[in-house]
Structures are given as structure tokens and as C-alpha cells.
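Look at the structure first, then read on.

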Amino acid sequence: MLRAFLAWLARGLGVRVYLRPPQGTWQLLWGGPSEVPRDFPDEWAVGVRDMLDTLADPYRCEDEANLRAEQLLREQLGEDYQKLVTQGYIDVPSRVFRNTFYRLRLRRPIEVFKNGRRQPWRLCVVSIERVPAADELLMKLLWLKTNEEYVLATANRVR
Amino acid sequence: MGVLRVLCGRGDVKVEWDLEKEEAVKEAERIFQENAAKGYASFRVDDKIDSAERIEKFDPHAKQIIQIPRIVGG
């Protein structure tokens, strides 16, 4: 109906009406894809340790420790480990709040999604002992699975 | 056969015990309690991580126990 009306109006006025902006408009307005390198791992990482190389982890543990931590994480996550490697994160559904899940990335604060929308703050928790990144992720996962409230009470909210 | 895995800077330290060997069980329990006193949290993870449960006392019948250092707000 609206389309027909606009077409009629356009014919009357002798102008061309775009119901959709011509190709390249958004790129013209907002610019093309960023060429600034991102500081988080991308989809092409092939393993947790490769992801750590991308992160330039300042708290790197010995390679042997990382290897063991990665092995343990792989055993515990099962199929989800592949998701972590390919996507760069794993999602943990909340047991307390409806339509909420937590997104875990290596050496990153926990992102919170409510109704599919990422919250503007993240939950930052760290181990009091320096542990490999894979172990840290496992720790967050264990706490979220067993006592989510504790994580919420302990974490600092960061932007 | 049970295994206690303690997460630390060296990755994870594994302690295994056999229910039939009393000394091994005692040693695993000693390590468990030592870490618990340091503030480590303990989780019984028998099969998958989804079945993980927080425990306060050493359970020799557990298939796997994971102990992790305390967490704080970062």
C-alpha cells in the first residue's frame, strides 16, 4: 500500500524514490570496516594457546603449565572446547535469571547478556594466584555453574 | 580410583588415590585440607562440568575433585 502510494507520488513528482538506500550509502555515512587491529582473538585461532599469542597475555605462565591447563579445559569442556576455539568464547546460561547468559573469553571479564542484549558492564573476577588463562576460564565456569550468586557478589562491574 | 586436581601457576597438580590403599587416600585428604585451609574452593566433578558440585569435605569416593584458588573482584 505504502509502496504503491510512494510509487504514485514519485511518478507524479517525477523523482526517484529509494525504498532502500542505494548500495554503499551506509559505508559512505559510517565508513568501511575498521582496519585497527583488535585486541581479542578472532575466529581463525586454532587453539587456546594460539589465542593467547593473539592476546599477548601479560600474565603468561610457563608453556608446560599452559599445556596442562589447556588439556584440563579440553577434558572438562568436551564439545564446548571446539566452540571456544572457533568462536573465541563460550556461553553459560544463568541459573538465577531468566533469558540471561554469561559469555566467557580467555583473560577477559565476563560479559552478561540479557534478552539477547549485551549489558554495558562486565563482571571482573580474578584468581588471587596467578594461573594459566585456560585454568582461569575453568575457574569462572565452575563458579558460575555451582554458585552464580557468589560470582555476582564478588565481581567488580567494569565497563 | 580418584583424582584431585589443584589449579595453580604450574597448571594443575594431580594427586591420585586408590580406595584400597589407605595411605594414598590419607595423603590426598591431607593435601585437600591443606589447600582448603589456604582458601581454595573445591568442586566435585564426576562426569561433565555441568554436574559439578561444591564440596567442603574430602570425599574419597569422588571420581574427580578440582580445587581452585580463591577469586576476588578484579
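How many helices and strands are there in chain B? Chain B has one helix and six strands. Along the sequence they follow the pattern β-β-α-β-β-β-β. This is a predicted model.

**Chain B as a whole**

The radius of gyration of chain B is 12 Å, close to the 11 Å that the globule rule gives for 74 residues, so chain B is as compact as a globular protein of that length.

| Property of chain B | Value |
|---|---|
| Box filled by the C-alpha atoms, along the principal axes | roughly 45 × 25 × 20 Å |
| Buried residues | 35% of the 74 residues |
| Contacts joining residues at least 24 apart | 45% of contacts between residues at least 6 apart in sequence |

**Where the chains meet**

Chain A contacts chain B through 29 residues of its own, and 23 residues of chain B take part. Three elements of chain A each supply at least two residues to its side of this contact: helix H4 (63-77), strand E4 (117-127) and helix H6 (133-146). By class, that side of chain A holds 16 nonpolar, seven polar and six charged residues.

**A strand pair across the chains**

Which strand of chain B is joined to E4(A)? The partner is strand E6 (residues 71-73) of chain B. Three bridges join the two strands, and they run antiparallel. Within this pairing, Val126(A) has Val72(B), in E6(B), as its bridge partner.

Technical notes: Residues numbered from 1 in each chain as written. Chains lettered and ligands numbered in written order. Predicted model: local features only at pLDDT ≥ 70, side-chain atom pairs only at ≥ 80, totals over all residues. Contact = placed C-beta atoms within 7 Å. Helix = DSSP H or I, 4+ residues; strand = E, 2+ residues; numbered from the N terminus. Nonpolar A, V, L, I, M, F, W, Y, C, P; charged D, E, K, R; others polar. Pairing = 2+ DSSP bridges. Rg over C-alpha atoms; globule rule 2.2 N^0.38 Å. Buried ≥ 20, exposed ≤ 12 C-beta atoms within 10 Å, placed from the backbone.
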